[in-house]
Amino acid sequence: MEQLLQNIKQCRICEDYLPLGPRPVVSAHPDAKIVIIGQAPGTKVHASGVPWDDASGNQLRKWLNVSVEDFYDATKFAIIPMGFCYPGKGKSGDLPPRKECAPEWHELLFDELKQVELILLIGAYAQKYYLGKSTKKTLTETVNNYNDYLPRFLPLPHPSPRNRFWLIKNKWFDVEVLPTLQARIKELI
């Protein structure tokens with residue numbers, strides 16, 4: 001695993017398309033039981049090199065009901081984004097994750113992650129990649145039908161502050177999904 005993580009951190013496969021240059025952000029350990037698959041690092045995470053080191057990460061930790069120490073314990077949580085590097089700015093936020101990362105690295109990482117019992121799919125990119133044809137028409141429908149994907153996968157919206165209106169509009173998320181998520185996380189860590 002250590003050699004694989006070093007190889008990922010040295011990756012330059014899409015260097016020409018990265019406005020801030022390559023800085024792959026990933027965290028994993030063979031003992032991890034939970035994998036968090038998000039989108040791609042933002043500028044703050046690119047600068048720090050620490051996954052989910054931003055407002056979205058604070059919200060995600062609240063959703064999971066875990067401490068910072070537990071969250072960054074790679075023996076508990078593997079953190080594997082769809083794109084390992086900051087992809088750049090788009091018209092309405094960051095660009096989508098680069099398409100090269102997941103096909104290049106995810107299978108190799110999962111080959112080393114033999115203890116995984118739960119994969120959190122955060123956002124539409126992770127959900128489409130991992131759930132394939134079983135993904136519903138919208139992210140809201142996919143998350144609302146989270147039971148269809150358990151026990152292996154649990155789809156979540158992105159915890160970005162930009163999604164506050166989604167959370168206000170979809171109260172069922174707090175009432176139904178979060179208790180299930182928190183119970184499962186508590187059971188596994």
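**Figure 1. Aromatic ring pairs.** The count of aromatic pairs in this predicted model comes to nine, where rings of Phe, Tyr and Trp (its six-membered ring) pair if their centres lie within 6.5 Å. Planes under 30 degrees apart count as stacked, over 60 as edge-to-face and the rest as tilted. Phenylalanine 71 and phenylalanine 77 make a tilted pair because their ring centres are 5.8 Å apart and their planes stand at 40°. Both phenylalanine 71 and phenylalanine 77 are buried, a term that means under 20% relative accessible area, with exposed over 50% and partly exposed in between (1.4 Å probe, protein chains only). Tryptophan 172 and phenylalanine 173 form an edge-to-face pair, with 6.5 Å centre to centre and 80° between the planes. Tryptophan 172 and phenylalanine 173 are likewise buried. Ring pairs join Trp63, Trp166, Trp172 and Phe173 into a cluster.

Residues are numbered from 1 along each chain as its sequence is written. In this predicted model, local features need pLDDT of at least 70 and side-chain atom pairs count only at pLDDT 80 or more, while totals for chains, interfaces and linings use all residues; side-chain values use heavy atoms, with hydrogens and water left out.

Figure 2. Cysteine 11 counts as buried because its relative accessibility is 14%, and cysteine 101 counts as buried at 4%.

**Figure 3. The cavity lined by Cys11 and Cys101, among others.** Rolling a probe the size of a water molecule over the atoms shows where empty space is left. On a 1 Å grid over the protein atoms alone, a cavity is a set of points where a 1.4 Å probe fits but cannot get out, and a pocket is an open set with protein on both sides within 12 Å along at least five of seven lines. Lining residues have an atom within 4 Å of a point. Grid points are joined across faces, edges and corners, and a volume is the space filled by probe spheres set on the points. A search of the whole structure finds one cavity of 30 Å³ or more, and the largest cavity has a volume of about 40 Å³. Its lining includes Cys11, Cys14, Cys85 and Cys101.

**Figure 4. The largest pocket.** The volume of the largest pocket is about 880 Å³. Among its 37 lining residues, Gln39, Ala40, Asp94, His158 and Ser160 are the closest to the centre.

**Figure 5. The second largest pocket.** This pocket has a volume of about 160 Å³. Its lining consists of Met82, Pro96, Pro97, Arg98, Lys99, Ala102, Pro103, Tyr125 and Tyr129.

Figure 6. Histidine 46 lies in helix H2 (residues 43-48); helices (H or I, at least four residues) and strands (E, at least two) are DSSP runs, numbered from the N terminus. Histidine 46 counts as buried because its relative accessibility is 11%. Leaving aside residues up to four places away in sequence, histidine 46 touches Leu20, Gly21, Arg23, Pro41 and Tyr86, where contact means heavy atoms within 4.5 Å.
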